Amino acid sequence: MANIAEQRIKREFKEVVRSDEVAACNIKVELVNDTVTELRGEIGGPPDTAYEGGKFKLEINIPETYPFNPPQVKFVTKIWHPNISSVTGAICLDILKDQWAAAMTLRTVLLSLQALLAAAEPDDPQDAVVAQQYKDNNDIFQRTARHWTTAYAQGPTKDKELEDKIGNMKSMGFDEHKARVALSTKDWDVTKAAEYLIGQ
Amino acid sequence: MSGEVSRQMSHVSEGSAMGSDGNSSEDLDEDDYYMDNYDDLDLDCPSKADDPEYFEYEPLQVIDAERMLNEEIETLCTTLKVNPSTAKMLLFGHNWNKEEIIDNYQRDPQGFLIESNLASRRKPDRLVGAKPVCSVCCREVNPDRFLSVACGHMFCRECWDMHFQTQIQDGITTGIECMAKECSILVPEDFVYEILTQPKLRDKYSKFSFNDLIKSHPRLRFCPGIDCAVIIKAKECKAKKVECEACGAVYCFKCGLNYHAPTDCAVVKKWLTKCEDDSETANYISAHTKDCPRCHVCIEKNGGCNHMQCPSCKCDFCWMCLGDWNNHGSEYYECSRYKENPNIAHESMHVQAREALKKYLFYYGRWENHARSLQLEEITRENIQTRTQKKVMNNEGTWIDWQYLFHAVALLKKCRYTLQYTYPYAYYMDKGSRKELFEYQQSQLESEVENLSWKVERAEIVDRGELENQMDIAEKRRQTLLKDFLEV
């Protein structure tokens with residue numbers, strides 16, 4: 001069984017790594033060590049979204065029963081998105097669960113993830129806090145997602161106001177990442193974010 | 001006395017759907033009490049056409065159920081001239097509605113099969129070269145090893161086999177789909193059996209798919225009793241009471257939860273989830289003992305009856321509302337009615353939340369209390385049994401002479417059970433005249449149940465006629481409420 005998995009991955013590897021695909025779709029897969037069960041992927045944030053310009057790293061685990069069962073994928077790069085946990089990077093995507101088909105490939109998975117970044121599904125959330133913000137306060141959501149892209153995925157856009165607020169929290173003695181999470185959760189209200197962190 | 005009772009009855013059923021059955025149902029009711037087993041919760045005689053709880057069903061063994069399904073499949077095969085695999089999938093996918101399937105199929109066979117994910121307009125894959133590559137395992141395979149289902153997506157036999165193995169391990173059988181991306185064409189069982197090699201998995205497949213078929217069949221249900229292998233076959237899929245002969249489980253045919261009339265399946269599910277979430281708070285707030293409203297001596301409730309008499313000052317009060325019991329028999333009996341704060345809309349969020357909790361605790365308290373009373377009444381039954389045994393030994397009447405006591409406890413439990421399940425119903429009811437009517441009938445039932453409970457606990461000193469009269473009244477109240485509010 002593992003034999004099929006290995007053969008498939010090796011072949012897929014050639015498929016995804018082909019240079020024109022990398023250039024066109026902004027996706028990448030690489031080996032972590034000499035086994036094919038652990039892989040590292042990367043997708044570029046799709047243009048005209050809050051994730052534009054960011055590079056998002058993924059951890060891909062290939063089960064022994066691959067391709068009859070889906071690969072296990074999660075975000076290593078922190079990301080603010082309704083269908084991806086801002087804490088663990090776990091992804092809620094149908095093709096990684098019951099909609100998986102054996103004829104799908106890593107390339108389909110990465111392209112689907114890219115499509116998920118472009119079109120979130122807030123009614124099927126992985127991160128309830130983010131999904132709520134996406135629905136109730138989409139402007140703040142977009143700004144927050146863009147800010148996270150810059151902070152964690154080498155995105156290009158700086159948002160001075162938000163960075164100042166984080167600096168403000170840091171000077172109160174809070175850890176930068178915790179401050180960012182709290183501010184993002186509390187729609188960038190410094191007082192509420194500080195209360196939230198103290199209450200934890 | 002009984003004349004008075006029936007007058008009261010007709011008053012209750014005014015404006016209800018009860019209609020003209022007054023006399024005949026009374027006779028039949030009386031038959032019930034003497035015909036059934038004493039240890040049986042169910043005193044229904046299932047031939048009553050006007051009984052709101054009447055339900056026709058029969059227990060089947062696995063082998064009988066299998067035969068029944070096969071017969072249905074065969075009928076469809078002969079009518080539509082399709083193979084058994086396809087017939088099975090069609091029935092499974094369309095709620096076993098034969099008429100609808102035949103109609104749709106005869107109108108447009110191809111279209112209907114496509115809609116049912118059993119056919120496709122797609123042209124089958126063309127295999128290229130002497131050794132085409134299977135797109136799942138990426139190996140070069142002889143062309144004769146390639147197979148496809150209705151959609152024509154070609155994969156090698158080994159990959160299909162592996163696909164079936166993984167799916168069956170996950171418990172998927174009738175729902176196995178093609179391996180191609182975004183293809184929902186279903187794999188019929190003859191194809192699975194043709195390819196699946198491992199005998200163990202073939203057994204699993206047949207077992208799981210049988211379970212799938214039973215679960216999908218609207219008129220069949222696995223008995224939810226522990227380790228019970230019985231399958232209940234009903235005439236129609238309704239939220240009615242089923243009592244399993246084999247294991248004794250009593251449940252609702254439609255949802256499989258504990259029987260819950262007059263509440264419907266969705267509401268009772270909502271209520272049970274809510275109770276699970278909130279029970280800690282509720283437990284914390286509702287204590288197990290209460291103080292006598294007059295002399296404040298601490299009283300523990302050790303029987304099912306809510307009509308309490310303080311052992312110290314002898315005052316009679318209601319366990320639920322701590323009010324004077326004398327008011328409970330009259331028109332003013334309002335213990336079961338929750339009084340909403342009329343100004344609630346203008347109050348702050350905080351007050352509203354408190355009010356919501358208060359309302360919930362009111363209903364939960366009564367729900368819990370009746371559940372506990374039911375358990376305590378089981379103890380009453382055991383006590384009666386011991387005492388009866390003694391009496392029979394001392395030649396104070398025969399065993400048969402005392403049977404009426406057991407009928408009384410069984411009926412009491414049945415009435416209290418229904419009463420318990422009126423509380424979730426009332427909790428989710430919208431305010432209005434219908435709720436008022438419901439609460440009126442509920443309070444009538446509650447007061448008669450408590451009267452019965454009081455008399456059952458003191459059965460030795462209560463006259464037999466009086467007790468049987470009370471049984472009749474309580475059951476009538478129950479029936480009236482169900483007739484008006486049990487919607488199935």
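Keep in mind that the model is predicted.

**Around A:Cys92**
- A:Cys92 sits in a loop of chain A, between strand 4 (72-75) and helix 3 (106-118).
- Beyond its neighbours within four places in sequence, A:Cys92 is in contact with A:Asn83, A:Asp124, A:Pro125 and A:Gln126.

**Where the chains meet**
- Chain A brings 14 residues to the contact, and chain B brings 13 residues.
- On the side of chain A that touches chain B, helix 1 (residues 2-17) of chain A gives the most, with four residues.
- That side of chain A is made up of eight nonpolar, four polar and two charged residues.

**The sheet in chain B**
- Three strands of chain B form an open sheet in the order 1-5-4, with antiparallel pairing.
- Strand 1 (57-60) and strand 4 (220-222) of chain B are the edge strands, each pairing on one side only.
- On average, neighbouring strands of this sheet are turned by 25 degrees against each other, direction ignored.
- Strand 1 and strand 5 (residues 231-234) of chain B run antiparallel and are joined by four bridges; B:Leu60 has B:Ile231 in strand 5 as its bridge partner.
- Helix 3 (residues 62-80) of chain B lies across strands 1, 4 and 5 of chain B, and runs at about 110 degrees to strand 1.

How values were computed. Residues are numbered from 1 along each chain as its sequence is written. Chains are lettered from A and ligands numbered from 1 in the order in which they are written. This is a predicted model: local features need pLDDT of at least 70, side-chain atom pairs count only at pLDDT 80 or more; totals for chains, interfaces and linings use all residues. Helices (H or I, at least four residues) and strands (E, at least two) are DSSP runs, numbered from the N terminus. Two residues are in contact if their C-beta atoms, placed from the backbone, lie within 7 Å. Ala, Val, Leu, Ile, Met, Phe, Trp, Tyr, Cys and Pro count as nonpolar, Asp, Glu, Lys and Arg as charged, and the others, Gly among them, as polar. Two strands pair if DSSP finds at least two bridges between them. Axes are lines fitted to C-alpha atoms, for helices over the stretch in contact, and angles run from 0 to 180 degrees between N-to-C directions.
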